Amino acid sequence: MRTDRRDFLITASLAMLATAAKTKLWAQTPADVRADVRLEISPLKLEIAPKKEIHTVAYNGRVPGPLIRWPEGKPITIDVLNRTDVPEIVHWHGLWIPSEQDGAMEEGSPMIAPGAERRYSFTPRPAGFRWYHTHTSAGHDLKRATYTGQFGCFYIEPKQSPGAYDQEIFLTLHDWNAYMGGSGDASMDAFYDYATINDRMLGYGDPIKVREGQKVLLHVLNASATATHWLALAGHEFTVAAMDGNEVPQQAKVQAVRLAPAERIGLLVEMNRPGVWILGETRLEIRKSGMGIVVEYANQSGEPKWIDPPETLWDYTLFAKQEPALEPDERIPLVFESKFHGHGDVDYWKINGKSYPKTDTIPLREGKHYRLVMRNKSSDDHPVHLHRHTFEVTSLDGKPISKLRKDVIVVKANSYAEIDFVAANPGLTLFHCHQQTHMDFGFMMLFRYA
Amino acid sequence: MTRYCALFILIVLAFGGLRLAKAQDNYEIQVYGSDTVAPNTTMLELHSNFTVEGSVPAPGSRFTAEGLYPTNHAEHETVEITQGINNWSEVGFYIFTSARSGDGWQWVGDHIRPRVRAPDSWHWPVGVSLSMEFGYQRALFSPDTWTMELRPIIDKQINRWYFAVNPALERSFHGPSVNEGIGFSPSAKFSYDFNKYISGGLEYYAAYGSIAGIAALHDQEQQFFPTIDLNVSPNWEINFGVGVGATASTDHLIVKGILGRRFDWTHHRAGSSDSTQ
């Protein structure tokens with residue numbers, strides 16, 4: 001059975017609507033009017049555990065930055081003050097907003113100079129779990145860009161009912177104190193001393209308090225600069241309800257979930273096993289480095305327990321419709337390759353044989369339906385992200401699927417993936433791998449609207 | 001690269017000096033890197049060394065003038081099993097064997113080698129580790145049977161260049177060198193990554209004799225191995241080299257190969273961009 005064109009274009013229609021109304025919706029709010037949200041970027045000494053302090057940069061002196069919870073379609077103004085000594089920029093990840101507001105200098109958003117302030121004005125959409133983060137380059141300096149604490153959750157409340165649950169919790173995964181080490185792909189990559197869920201290491205933060213019989217919705221974001229994480233809640237199952245803030249067409253139960261950098265997931269958990277448990281990384285060494293949080297049932301006490309989940313192979317297709325998507329108007333082939341610079345350096349990256357900024361800028365026509373046919377010829381996974389658009393995952397390693405909507409997709413090492421999107425948000429549009437070590441060393445390109 | 005090679009050889013030969021050097025050990029010919037085997041991982045290596053031109057039997061005897069099995073045309077096969085303990089330590093175990101026409105295939109001895117390294121969390125500018133190797137070799141293959149080696153290891157990878165130095169100290173507990181105290185047996189390596197899969201370089205192995213009295217140059221052991229490392233997979237280690245002895249006390253020509261296979265018993269690799277499934 002083929003996908004109905006009307007179904008597929010829901011995403012596109014919403015974006016087109018916003019595009020048509022953009023003059024009104026995205027008009028700059030006068031600077032003398034108080035902004036709805038104010039973010040201050042400044043250095044922070046973050047205590048992730050007793051006597052373990054991380055010197056980083058964060059929003060409003062906290063990690064993650066403040067949760068921005070905003071109704072879909074209501075204009076918002078956000079003032080960002082840069083109190084660091086380097087230019088900064090804030091990217092609104094997963095939102096359908098204009099290029100100059102999106103927060104990527106490659107698309108034309110201005111950088112915020114040290115000591116300067118910038119007002120972002122846009123109308124948040126689509127509904128769901130989005131996020132915001134710095135969009136600077138770190139290069140070889142692993143104390144900058146997404147290695148810092150510059151990230152926060154942005155929840156755009158849907159107009160209709162958000163779903164049935166008793167408690168909603170936002171969790172962010174992050175790795176700290178990065179350093180370069182030899183990786184399995186024979187080049188250097190980032191490794192980390194510590195990891196946290198939100199701002200504390202396992203055992204040092206407040207537990208998540210639940211009651212037996214509750215249905216809890218976890219919004220989880222992997223805000224790591226480079227590391228993919230596996231997460232499980234000891235003794236419990238997850239029902240995957242959303243990916244990258246978009247409801248999945250096919251809910252499925254899993255024992256553990258995999259999240260690449262920048263991916264989000266919505267997990268429903270039936271609290272049906274009273275006790276004190278660990279929600280954490282499935283790999284012991286990463287749990288030991290801090291990635292975990294205690295889940296405590298009411299009237300239960302004792303040491304938090306961990307139970308290894310059965311080995312899980314992550315398969316996006318479980319959450320998609322097992323039917324082919326609508327044929328696109330045009331296919332755009334993209335080949336990802338690495339360029340070796342020695343075992344003592346990171347790999348450099350090429351898309352269709354060129355590294356950013358020499359990558360081709362591919363023209364799009366507004367309203368056309370495109371398919372990115374991606375072939376990853378490298379031995380690394382790539383969580384690729386398309387700015388300002390939501391895409392539909394239409395094929396993974398030759399297996400056709402449909403209706404799974406995301407803004408980040410992992411193209412596994414030596415594999416193929418296809419994603420579809422409708423060109424419905426004019427302006428320069430950045431496409432890149434969300435691994436900081438990859439995007440900083442060539443893995444970026446732009447689309448432009450003709 | 002040629003200039004670096006020449007400079008390296010000159011510096012090393014300049015250390016030439018005084019007195020007796022220790023017996024040569026051609027069972028494991030390897031300059032150690034500072035990294036240890038990852039926890040829950042086992043490294044299995046086979047060291048194959050063939051002495052093209054080495055010591056020969058004394059006239060009318062199966063053995064050399066020193067009473068040892070000759071090394072000329074001997075094939076040394078060493079199995080090394082190394083288990084990663086945690087992210088800063090490992091333990092290695094060696095089974096040394098020797099095969100030679102007329103002598104058959106013989107067990108030579110065993111060593112055990114615990115090793116620790118400066119953990120990544122120390123963020124040192126160079127890799128540093130320290131191994132302590134202790135074990136037994138039969139007297140017909142090594143006049144000193146029970147020996148111990150303390151081997152500091154320092155290395156550094158800079159883009160395509162790799163440097164390692166192992167200034168090892170040796171001590172005999174049974175055999176003619178017991179009274180000579182501590183011997184100095186440094187080795188070093190540098191290599192260049194031609195591409196992701198092939199690195200070429202030069203390895204140097206020496207035994208200078210006792211630190212209390214460095215042996216005369218012709219009694220020292222000095223070997224140079226142009227080598228190739230093949231990095232075909234993170235799970236495989238392949239090294240090949242041809243060694244030339246530069247002094248009278250060194251086997252003159254040796255061909256060596258190392259074939260290693262890593263067995264990762266964990267489900268997922270941590271903290272890397274590698275595929276996690």
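Biologist: Leaving aside its neighbours within four places in sequence, what is Ser355(A) in contact with?
Modeller: Ser355(A) touches Trp349(A), Lys350(A) and Gly442(A), once the neighbours within four places in sequence are set aside. Keep in mind as we chat that this is a predicted model.

Biologist: Thanks! What does the side chain of Ser355(A) reach?
Modeller: It goes to the backbone oxygen of Trp349(A), at 2.5 Å.

Biologist: And where is Ser355(A) found?
Modeller: Look at the loop between β21 (348–351) and β22 of chain A; Ser355(A) is there.

Biologist: How would you class Ser355(A), given its relative accessibility?
Modeller: Ser355(A) has 23% relative accessibility, so it counts as partly exposed. Buried would mean under 20%, and exposed over 50%.

Biologist: How many residues apart in sequence are Ser355(A) and Gly139(A), and how far apart in space?
Modeller: In sequence they are 216 residues apart, while in space the C-alpha to C-alpha distance is 14 Å.

Biologist: You mentioned β22. In what order do the strands of its sheet in chain A come?
Modeller: The order is β22-β30-β29-β24-β27. These 5 strands of chain A form an open sheet, and the pairing is mixed.

Biologist: Which strands stand at the edges, then?
Modeller: Those are β22 (362–364) and β27 (408–411) of chain A. Each has a single partner strand, so one side of each has no neighbour in the sheet. On average, neighbouring strands of this sheet are turned by 25° against each other, direction ignored.

Biologist: How many bridges join β29 to β30 in chain A?
Modeller: There are 4 bridges between β29 (residues 429–433) and β30 (residues 444–449) of chain A, and the two strands run antiparallel. As one example to find on screen, Phe431(A) stands opposite Met445(A) in β30(A).

Biologist: Which residues of the largest nonpolar core touch the most other members?
Modeller: Phe431(A) is one of them, along with Leu218(A), Val240(A), Leu279(A), Leu334(A) and Met374(A). That core has 75 residues. Apart from it lies another core of 21 residues, including Ile78(A), Ile89(A), Trp92(A) and Ile156(A).

Biologist: What is Leu218(A) in contact with, leaving aside neighbours within four places in sequence?
Modeller: Among its contacts beyond those neighbours are Ile169(A), Leu171(A), Phe238(A), Ile265(A) and Leu279(A).

Biologist: Let's switch to chain B. How many helices and strands are there?
Modeller: Chain B has 1 helix and 14 strands. Of its 277 residues, 47% are buried. The accessible surface of chain B is about 12700 Å², with 66% of that belonging to carbon and sulfur atoms.

Biologist: What share of the contacts in chain B joins residues at least 24 apart?
Modeller: It is 58%, counting contacts between residues at least 6 apart in sequence.

Biologist: Is strand β8 of chain B mostly covered or mostly open?
Modeller: Mostly covered: in β8 (residues 182–193) of chain B, 9 of the 12 residues are buried.

Biologist: How many bridges join β7 to β8 in chain B?
Modeller: Strand β7 (residues 161–174) of chain B is joined to β8(B) by 11 bridges, and they run antiparallel. In that pairing, Val165(B) has Ala188(B) as its bridge partner.

Biologist: And what joins β8(B) to β9(B)?
Modeller: A hairpin does, through 4 residues. The two strands run antiparallel, with 7 bridges between β8(B) and β9 (residues 198–207) of chain B. Ser191(B), for instance, has Gly201(B) as its bridge partner in β9(B).

Biologist: Last one: how many bridges join β8(B) to β10?
Modeller: Strand β10 (residues 209–210) of chain B is joined to β8(B) by 2 bridges, and this pair runs antiparallel. Gly183(B) has Ser210(B) as its bridge partner in β10(B).

Notes: Residues numbered from 1 in each chain as written. Chains lettered and ligands numbered in written order. Predicted model: local features only at pLDDT ≥ 70, side-chain atom pairs only at ≥ 80, totals over all residues. Heavy atoms only, no water. Pairing = 2+ DSSP bridges. Axes fitted to C-alpha atoms, helices over the stretch in contact; angles between N-to-C directions. Buried < 20%, exposed > 50% of the residue type's maximum accessible area, 1.4 Å probe, protein only. Contact = heavy atoms within 4.5 Å. Polar contact = N/O pair within 3.5 Å; in protein donor to acceptor, adjacent residues only side chain to side chain. Areas by Shrake-Rupley, 256 points an atom, 1.4 Å probe, with all protein chains shown as cover. Core = buried A, V, L, I, M, F, W, Y, C linked by side-chain atoms within 4.5 Å.
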